[in-house]
Amino acid sequence: AAPADDLAGWSPRRLAAQLVLAGYDMNRTDRALPHLREGLGGVILFGRPPADLAQRIARLRATGVTVPFVASDEEGGQVQRLRPVLGPLPSAGDHGRRRTPEQVRSIAAAYGQGMRRLGVDLDLGPVADLRVRGYYLQRTDRAFSADPAAAGAYAGAWSAGIRSSRVVPVVKHWPGHGQAVNTHDGAAVTPPLAVLEGRDLKPFDAVLRAGSVPVMVGHLTVPGLTGAGTPATLSAPAYRYLRARAGGSRVLMTDSLSMGAIRGLGLTPAKAAVRALRAGADVVLIDPGPGPRPVVDAVAAAISRGEYPRAAAAASVRRVLSLKRTVNAPVPATRHAPAPAANGVPLAPVLSVLGRDRVGGVLETRFHVRTRGATTWDVLNGAGVKGVSGTSVSYRIGGDRLRPATTYEWAARSCNAAGLCAPLGPVLRFTTAG
């Protein structure tokens with residue numbers, strides 16, 4: 001069996017696909033299914049939710065060769081795609097004016113539960129940018145506060161609340177969109193890095209210190225950091241700077257590569273994706289349109305040519321898979337042995353199950369055994385055996401622990417590296433030889 005996250009058998013195309021999140025209209029999600037079968041990393045929801053959204057998402061999640069992220073922009077106010085099914089959320093600005101961070105955390109936790117019930121496990125929020133009068137985010141009420149400490153506290157509270165519901169938050173738009181024009185329309189330049197370090201970066205740093213929240217990088221040209229005419233999403237110095245602050249295991253993703261700030265450079269999403277990943281991004285985002293195939297083709301070709309080193313692609317895929325494990329538990333174990341109601345089992349039996357995780361990697365399968373009629377697992381309570389997802393693991397019960405001609409019950413469940421476990425069960429029986 002291969003070790004955890006051994007990607008040696010992954011083709012360049014499968015590596016490339018796992019690093020792409022592609023947008024789809026919620027009424028046309030079936031268009032994503034062929035790409036999910038090829039390993040697409042995830043789907044971003046756009047448009048108005050249909051009545052059968054939960055069923056559509058369940059089909060997406062069941063189709064991916066590796067379970068995909070299902071993402072949505074859920075900030076509140078003007079940016080809330082799931083409003084028709086989950087109800088309205090106040091804007092970040094309204095939160096900052098009217099509520100405490102603890103109240104925002106509670107609201108986020110409740111909203112995250114609704115997202116989770118739908119099957120949405122990635123929230124493209126919160127905004128940690130500052131509210132700067134006269135600029136795009138202030139006019140759209142998308143920023144919590146003009147004060148760095150307050151903005152960090154509110155963004156951290158939203159992140160913690162969403163995360164408590166097993167939904168991954170994504171803090172955005174690093175290194176700070178507060179004093180910049182709308183990048184949906186065209187290029188944007190921020191104040192110099194020295195100014196951002198004393199102001200705009202502080203809310204992001206506060207969220208980064210609080211947990212393993214992914215970071216979305218904005219299409220922002222920063223004097224003293226990115227180079228003239230190069231947005232942070234395509235800038236190797238920007239990613240090196242962010243990686244030093246965010247740590248080696250954190251997922252760094254781009255804002256959508258379909259936006260005006262990228263088009264204005266004469267780049268297609270496919271060309272921009274290769275540049276962004278080579279520069280240091282882990283994940284690239286694209287809007288609905290032609291679909292992800294041109295992007296995946298371009299990234300896979302870059303890996304094959306060595307233009308985008310395979311080792312760098314594999315490192316990014318490992319970060320993505322680690323993040324997916326934090327919100328995706330393994331599936332229930334199968335192929336139980338001994339069979340239900342087995343008789344004449346030896347006094348030192350071998351219990352065996354097949355553990356499986358749709359994210360892959362090593363699982364710890366925990367075995368439980370009790371005497372029939374006992375109210376606790378009085379023989380064995382959670383003895384763990386590690387094995388690679390998709391392989392059988394076994395545990396031998398010592399011969400001095402069981403009595404002859406006695407009926408026992410046993411069950412097992414698998415847990416992933418993030419500590420999420422499949423449900424326990426089923427509870428099976430065997431009777432030892434007399």
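This is a predicted model: local features need pLDDT of at least 70, side-chain atom pairs count only at pLDDT 80 or more; totals for chains, interfaces and linings use all residues.
Arginine 166 is partly exposed, with a relative accessible area of 31%. Arginine 166 sits in the loop between α8 (148-164) and β7 (168-169). Its phi is positive, about 60°, although arginine 166 is not a glycine.

A second residue belongs beside it. Alanine 341 also has a positive phi, near 60°, and is likewise a residue other than glycine. Alanine 341 is found in the loop that runs between β12 (331-337) and β13 (342-345). Its relative accessibility is 53%. Exposed means over 50%, so alanine 341 counts as exposed. Arginine 166, at 31%, is partly exposed.

A cis peptide bond joins lysine 172 to histidine 173, with omega about 0°. Another cis peptide bond links tryptophan 174 and proline 175. Here omega is about 5°. Proline 175 is found in the loop between β8 and α9 (193-197).

Next come two helices. Two packed helices are described by the angle between their axes and the distance between the axes. Helix α10 spans residues 201-210, and helix α11 spans residues 236-246. Their axes come within 10 Å and cross at roughly 45°. That angle makes α10 oblique to α11. Which residues make the contact? From α10 come Leu201, Asp205 and Leu208. From α11 come Tyr241, Arg245 and Ala246. The residues of this contact divide into 4 nonpolar, no polar and 2 charged.

The last stop is glutamate 409. This residue is found in strand β18, residues 407-415. Is glutamate 409 buried or exposed? Its relative accessible area is 10%. Buried means under 20%, so glutamate 409 is buried.

What do the side chains do there? Glutamate 409 and arginine 370 are joined through their side chains by a polar contact of 2.8 Å. A polar contact of 3.4 Å joins the side chains of glutamate 409 and arginine 429.

Terms used: Residues are numbered from 1 along each chain as its sequence is written. Side-chain values use heavy atoms; hydrogens and water are left out. Helices (H or I, at least four residues) and strands (E, at least two) are DSSP runs, numbered from the N terminus. Buried means under 20% relative accessible area, exposed over 50%, partly exposed in between (1.4 Å probe, protein chains only). Axes are lines fitted to C-alpha atoms, for helices over the stretch in contact, and angles run from 0 to 180 degrees between N-to-C directions. Angles under 35 degrees count as roughly parallel, over 145 as roughly antiparallel, 65 to 115 as roughly perpendicular and the rest as oblique. Contact means heavy atoms within 4.5 Å. Ala, Val, Leu, Ile, Met, Phe, Trp, Tyr, Cys and Pro count as nonpolar, Asp, Glu, Lys and Arg as charged, and the others, Gly among them, as polar. A polar contact is a pair of N or O atoms within 3.5 Å; within protein, one must be able to donate a hydrogen and the other to accept it, and residues adjacent in sequence count only if both atoms are side-chain atoms.
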